[in-house]
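Please examine the sequence and the fold shown here. The account that follows goes from strands to core, then to pockets and loops.

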Amino acid sequence: MSEQSIGTRCVQAGYTPGDGEPRQIPIVQSTTFKYATSEHMGQLFDLEAEGYFYTRLQNPTNDAVAAKICALEGGAAAMLTSSGQAANFFALFNICEAGSHVVASSAIYGGTYNLIAHTMAKMGVESTFVSPTCTPEELAAAFRPNTRAVFGETIANPALDVLDIERFAKAAHAHGVPLIVDNTFPTPVFCRPIEWGADIVTHSTTKYMDGHGVGVGGAIVDSGNFDWMAHADKFPGLTTPDESYHGIVYAEKFGQAGAFITKATSQLMRDLGSIQSPQNAFYLNMGLESLHVRMPRHFANGLAVAEYLAGSDKVTSVRFPHLAGDPYHELAQKYLPEGGSGVVSFELAGGRAAAEKFMAALRLAAIETHVADARTCCLHPASATHRQMNDEELVAAGISPAMVRFSCGLEDSADLIADIEQALAAI
């Protein structure tokens, strides 16, 4: 499948029915699976045999959809989670523990910033945030002897900064740790971070991959490229015996390509239980089948809206990486030559009050705590997704009180612009 086009993989990867089997991925809506002997069940619990015994760990429907996402990203192994937040937490906590340290881009989704800066801090995992435009020297200075991962977003939500994946990967690898990249906004249709040096890729599948606001979900894809045994002292969870599984050493038993996802499944999913439901996985697959068709339309609408906003005297700034003059235009041309997303961030003259009036006047675009949907939606991040941040943290994340995040759906761009025009007139 990896040699086929991205469009073919969107439609075909992950599941191939046999003779007389269902053409669509079956929804295995069962919590448990029956076995003839306790010995067979014991082999599954010892990770000595392949199979299913409890959907909290694995389910055939979920595995088929995870395999499709893995093929799209060009990875070695993948898993689904209950949300994008769970995916990012699992990806980090799978290699971190109390006493660990994470280096992260400051321009990331507010919920992820809160997860790393505050919630994981309560678990003993420290963090240092750096600007995505930091110098190589500033990036190198952020590392500590206990650093275990570097984290960033391909296109930051909602600041729309573009991560210099190669530069961050080079720094991570120079310090013997993996780079984890959240690729939610561009999706593998527009960017495959593994090809640029990322080791682990995460997604909020709730967004473009689902594309219709049907089911919350997340995914983790491991490239299989990071050599855990070469840095065994940094990652004991993968390179030393796991006594909860009879002394298995994941990196030895499952190899470089299978260790990370196997550990995340058998340990974290077992103990924390953030599984995606088979029903939601089914919905997700339906969205994936049209992802390659939808993404160019989202992007085209985003570019049209960004260009219109750039010409308005009521707009003080517009952020869209592919807009001429955008500070990340050059990086967008490098990493996202065919497009990025349909999300436009802009600031209105008049600050917070103007932003609130603008959104209240919209007729076609809906105010939602959502993004990357077939239907256009709009949000004021400072009072919603990023409201847990103080002013200093907002500035570091590229957010201002006047910023509006406008997620262009699949409607006609002329209608979106007309809606924006009348809303601007109401300010």
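Five strands make up an open sheet of mixed pairing, in the order β8-β9-β12-β11-β10. At its edges stand β8 (315-319) and β10 (366-367), each of which pairs on one side only. Helices (H or I, at least four residues) and strands (E, at least two) are DSSP runs, numbered from the N terminus, and two strands pair if DSSP finds at least two bridges between them. Strands of a sheet pair through backbone hydrogen bonds, either parallel or antiparallel. The model is a predicted one, in which local features need pLDDT of at least 70 and side-chain atom pairs count only at pLDDT 80 or more, whereas totals for chains, interfaces and linings use all residues. Residues are numbered from 1 along each chain as its sequence is written, and side-chain values use heavy atoms, with hydrogens and water left out.

Four bridges join β8 to strand β9 (residues 343-348) in the antiparallel sense, and Val-318 stands opposite Phe-346 of β9. Strand β9 is in turn antiparallel to β12, with five bridges between them; here Phe-346 faces Val-404 of β12. On to β11 (residues 377-379), which runs antiparallel to β12 and is joined to it by three bridges, with Cys-377 opposite Ser-407.

Strand β12 (residues 403-407) includes Met-403. How many of the five residues of β12 are buried? Five of the five are, and the strand is thus mostly covered; buried means under 20% relative accessible area, exposed over 50%, and partly exposed in between (1.4 Å probe, protein chains only). Met-403, Arg-405 and Ser-407 point one way from β12, while Val-404 and Phe-406 point the other way. Met-403 counts as buried because its relative accessible area is 2%. The C-alpha atoms of Met-403 and Val-318 are 9.2 Å apart in space, although the two residues are 85 apart in sequence.

Strand β7 is joined to β1 by five bridges, and the two run antiparallel; Ala-77 is opposite Asp-222. Strand β6 (residues 200-204) also pairs with β7 in the antiparallel sense, over five bridges, and Ser-204 has Gly-218 as its bridge partner.

In soluble globular proteins, nonpolar side chains tend to be buried together. The largest nonpolar core has 126 residues, of which Trp-228, Phe-346 and Phe-358 touch the most other members. Such a core is a set of buried Ala, Val, Leu, Ile, Met, Phe, Trp, Tyr and Cys residues joined through side-chain atoms within 4.5 Å. Leaving aside residues up to four places away in sequence, the contacts of Trp-228 include Ile-95, Pro-178, Ile-200, Phe-235 and Phe-260, where contact means heavy atoms within 4.5 Å.

The largest pocket holds about 700 Å³ of space. Of the 28 residues that line the largest pocket, Gln-58, Asp-63, Ile-261, Thr-262 and Thr-265 are the closest to its centre. The elements that give two or more residues to this lining are α3 (60-73), β1 (77-81) and α11 (255-272). A pocket is, on a 1 Å grid over the protein atoms alone, an open set of points where a 1.4 Å probe fits, with protein on both sides within 12 Å along at least five of seven lines; lining residues have an atom within 4 Å of a point.

Finally, the loop between β4 (147-153) and α7 (165-174) contains Pro-158, which a cis peptide bond joins to Asn-157, with omega about 5°. Leu-160 lies in the loop between β4 and α7 too, and its phi is positive, near 65°.

Key. Points joined across faces, edges and corners; volume = space filled by probe spheres on them.
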